Each structure stands twice: as C-alpha cells, then as structure tokens.
Amino acid sequence: RDGAIVVDARRRCGFVEVRVTDDGPGMTDEQRARALDRFWRASAGGGGSGLGLAIVRQLIEADGGTVGLEAASGGGLCVVLRLRAAEREARGRDRDPVSEPA
C-alpha cells in the first residue's frame with residue numbers, strides 16, 4: 001500500500017532497457033519462472049486472469065525484445081523489459097511526414 005516503484009530506462013546496444021522495481025514482498029524463484037505463463041497467478045485469492053504479463057511477453061518478444069523478472073535487492077521484484085530501439089533521426093532536422101516529398 002505505501003510501497004515505492006522505481007522506473008529506470010537506458011539505451012543499450014540497440015535496445016532500450018526499462019527496469020520497473022518495487023519494494024513489495026517479491027516472488028520466489030519458482031514464481032518468477034512461471035509468472036510470464038498464460039493463466040498462472042501467484043495466489044488463488046487475488047484478482048486477475050493471469051494474462052497480463054503473458055500478453056506483455058508475447059508483444060515484446062514478437063518485436064524482437066525480451067522480458068525478465070528478477071529479485072530486487074532488499075526485497076521486491078524487478079521487471080526488465082528490453083525493447084528494440086528506434087533508429088535516431090539526424091540532428092537538427094525536424095520531420096513533418098505530411099510536407100515531405102514522396
């Protein structure tokens with residue numbers, strides 16, 4: 001309820017790595033290994049369908065990225081998303097797709 005979430009992103013080797021870390025109770029090694037599976041939930045008492053992380057994984061992997069779950073230092077969970085980075089535009093050139101010649 002009064003926990004913290006930290007989001008960090010950096011560009012690395014053609015990817016953007018996004019790390020989302022919380023200070024909650026975390027997950028066991030077994031739970032982290034299964035958490036990205038469709039219909040798997042950490043507990044039967046909670047809400048949800050067990051599809052959220054599975055959908056995230058499918059979308060990111062379809063685009064050439066990866067998703068991983070790690071134990072956060074001091075407790076909690078760290079979700080690591082590696083997304084293919086867009087190629088950078090040349091500096092100083094604003095692009096307006098409507099006005100550019102075909």
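## Pockets

The largest pocket has a volume of about 200 Å³. A pocket here is an open set of points, on a 1 Å grid over the protein atoms alone, with protein on both sides within 12 Å along at least five of seven lines, and its lining residues have an atom within 4 Å of a point. Grid points are joined across faces, edges and corners, and the volume is the space filled by probe spheres set on the points. Asp22, Gly24, Pro25, Gly26, Met27, Leu53, Leu77 and Val79 form the lining of the largest pocket. That lining divides into 5 nonpolar, 2 polar and 1 charged residues; Ala, Val, Leu, Ile, Met, Phe, Trp, Tyr, Cys and Pro count as nonpolar, Asp, Glu, Lys and Arg as charged, and the others, Gly among them, as polar.

The second largest pocket holds about 170 Å³ of space. Its lining has 16 residues, and Trp40, Arg41, Ala42, Gly47 and Gly50 lie nearest its centre. By class, the lining of the second largest pocket has 8 nonpolar, 6 polar and 2 charged residues.

## Basis of the model

This is a predicted model, in which local features need pLDDT of at least 70 and side-chain atom pairs count only at pLDDT 80 or more, while totals for chains, interfaces and linings use all residues. Residues are numbered from 1 along each chain as its sequence is written, and side-chain values use heavy atoms, with hydrogens and water left out.

## Overall fold

The protein has 2 helices and 4 strands. Along the sequence the pattern is β-β-α-α-β-β.

Of the 102 residues, 20% count as buried. Buried means under 20% relative accessible area, exposed over 50%, and partly exposed in between, with a 1.4 Å probe and protein chains only. Among contacts (heavy atoms within 4.5 Å) with a separation of 6 or more, 43% are between residues 24 or more positions apart.

Strand S3 (residues 66–71) pairs with strand S4 (residues 77–84) in the antiparallel sense over 6 bridges; two strands pair if DSSP finds at least two bridges between them. Gly68 stands opposite Val80 in S4. The two strands form a hairpin with 5 residues between them, and Gly74 in the turn has a positive phi of about 85°.

Ser73 lies in the loop between S3 and S4. Ser73 is exposed, with a relative accessible area of 74%. Ser73 and Asp22 are 51 residues apart in sequence, and their C-alpha atoms are 9.9 Å apart in space.

## The nonpolar core

The largest nonpolar core has 10 residues: Val18, Ala35, Leu36, Trp40, Ile60, Val67, Leu69, Leu77, Val79 and Leu81. S3 and S4 each supply at least two residues of this core, and the largest share, 3 residues, comes from S4. Such a core is a set of buried Ala, Val, Leu, Ile, Met, Phe, Trp, Tyr and Cys residues joined through side-chain atoms within 4.5 Å.

Not counting residues up to four places away in sequence, Leu81 touches Val16, Glu17, Val18, Val56, Ile60, Thr66 and Val67.

Glu17 lies in strand S2 (residues 15–22). Glu17 is buried, with a relative accessible area of 10%. Beyond four places away in sequence, Glu17 touches Asp8, Ala9, Arg10, Arg12, Val80, Leu81 and Arg82.

Asp23 is in the loop between S2 and helix H1 (29–34). Asp23 and Cys78 are 55 residues apart in sequence and 9.0 Å apart in space, C-alpha to C-alpha.

Terms used:
1 Å grid on protein atoms, 1.4 Å probe; cavity = no way out; pocket = protein on both sides within 12 Å on 5 of 7 lines; lining within 4 Å.
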